[in-house]
Amino acid sequence: MSRARPAPPGDGPALRAEGLTKRFGTKQALAGVDLDAPAGTVLGLLGPNGAGKTTTVRVLTTLLRPDTGRAWVAGHDVRTAPEAVRARLGLSGQYAAVDEKLTGRENLYLVARLYGTGRGPARRRAAELLDRFRLSEAADRPSGTYSGGMRRRLDLAGALVARPAVVVLDEPTTGLDPRGRADTWECVRELVATGTTVLLTTQYLEEADQLADSVAVIDHGRVIAQGTASALKSRVGGERLTLTLPDPASRPGALDLLAPLTPHRPHLDPRTGVLTLPTDHGPATLEQALAALRHAGVPLGEVSLAPPTLDDVFLALTGQETSTAPAPGPVPTKEPAWQP
Ligand SMILES: Nc1ncnc2c1ncn2[C@@H]1O[C@H](COP(=O)(O)OP(=O)(O)O)[C@@H](O)[C@H]1O
Ligand SMILES: [Mg+2]
């Protein structure tokens, strides 16, 4: 990973970005983004609101020029060969680009025609995609009457009309209910099964976990970690034991009691008294923690055991909550295998 590589040839990785920067006024939206996705894989770009996900997507899809840095899609440079890039790309945005007055079928037919497809083939392609995305029954209703999940599926289908080699999905499930999210995940899985390369941005660790072969964590316009979702999760511990300690006087003692229970570092929020302990053996750690606290007579409020969230990953990577994180410093060096 550390060796400098030459610019990829025509059959290089499906997606690559090197040192992308972009400033809007005084806002440094991208501060040096490096990405790499081999053909036929899903790369998850995971980060909180404002991290630089959409800006990265806009650069990769030729909609925005970076200040510095380079990027390639299917081996074509986004700066010098934008037409070639656009011919190989399908884009589905954070806000579904669907004409609500038109039916689902009309929307897809129109996109196919815009790509220069003849009338007959455009009709067939629309029908095929409606079927694949389980929209056949609703195909002839105005898409304005669709549910959020159906609209996202239609938008996704629109991105596939021209059979692109690379599909970019910007927060495809933000704002969807769990059913809509599960539907969209299914569609992305089918897409990948056909050999398409996918760049997917998301604010949810679980979504990256479900869909991505590799995850790049982005914060303040910089990739602060890259690896598989399970590597990210194990970095922060398999689960989080969360205990509320209502009595401020007993908190330091409780921290001393609980810290030895796992190899991961506990975190105590002094304002709320919420103590978070990452653990690889959730139920056992829970029992031990309750026994230790009972034995020491430490008063206890709420207790929960849950998988790590994006916030937990950020906390582990930066030592900061996502909402207050400053520009990240060096990543802790415990597991160098998946550092950028
Ligand atoms: N056109 C723009 N003008 C000014 N600031 C922008 C513009 N686009 C994005 N930004 C800022 O750049 C940062 C990154 O934005 P964005 O890439 O949209 O983040 P994300 O998609 O991860 O939520 C944010 O602080 C955002 O406010
Ligand atoms: Mg965005």
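1. Arg134 is found in the loop between H4 and helix H5 (148-160). Helices here are DSSP runs of H or I with at least four residues, strands are runs of E with at least two, and both are numbered from the N terminus. Arg134 has a positive phi of about 55° although it is not a glycine. Most residues other than glycine have a negative phi. Arg134 is partly exposed, at 41% relative accessible area (buried is under 20%, exposed over 50%, partly exposed in between, with a 1.4 Å probe and protein chains only).

2. This is a predicted model, where local features need pLDDT of at least 70, side-chain atom pairs count only at pLDDT 80 or more, and totals for chains, interfaces and linings use all residues. Residues are numbered from 1 along each chain as its sequence is written, and side-chain values use heavy atoms, leaving out hydrogens and water.

3. What does Asp183 contact, leaving aside its neighbours within four places in sequence? Asp183 is in contact with Arg134 and Arg153 (contact means heavy atoms within 4.5 Å). Asp183 sits in helix H6 (residues 178-193). Asp183 counts as buried because its relative accessibility is 8%.

4. His220 also deserves a look. His220 has a positive phi of about 50° and is not a glycine. The loop between strand E9 (214-219) and strand E10 (222-227) holds His220. His220 is partly exposed, with a relative accessible area of 34%.

5. Helix H4 (residues 119-132) gives the largest share of the positive patch, three residues. Arg123 lies in helix H4. Patch residues have over 30% relative accessible area and no salt bridge, with like charges joined within 9 Å and nonpolar side chains (Val, Leu, Ile, Met, Phe, Trp, Tyr) within 5 Å. A salt bridge is a side-chain nitrogen of Lys or Arg within 4 Å of a carboxyl oxygen of Asp or Glu.

How values were computed
Chains lettered and ligands numbered in written order.
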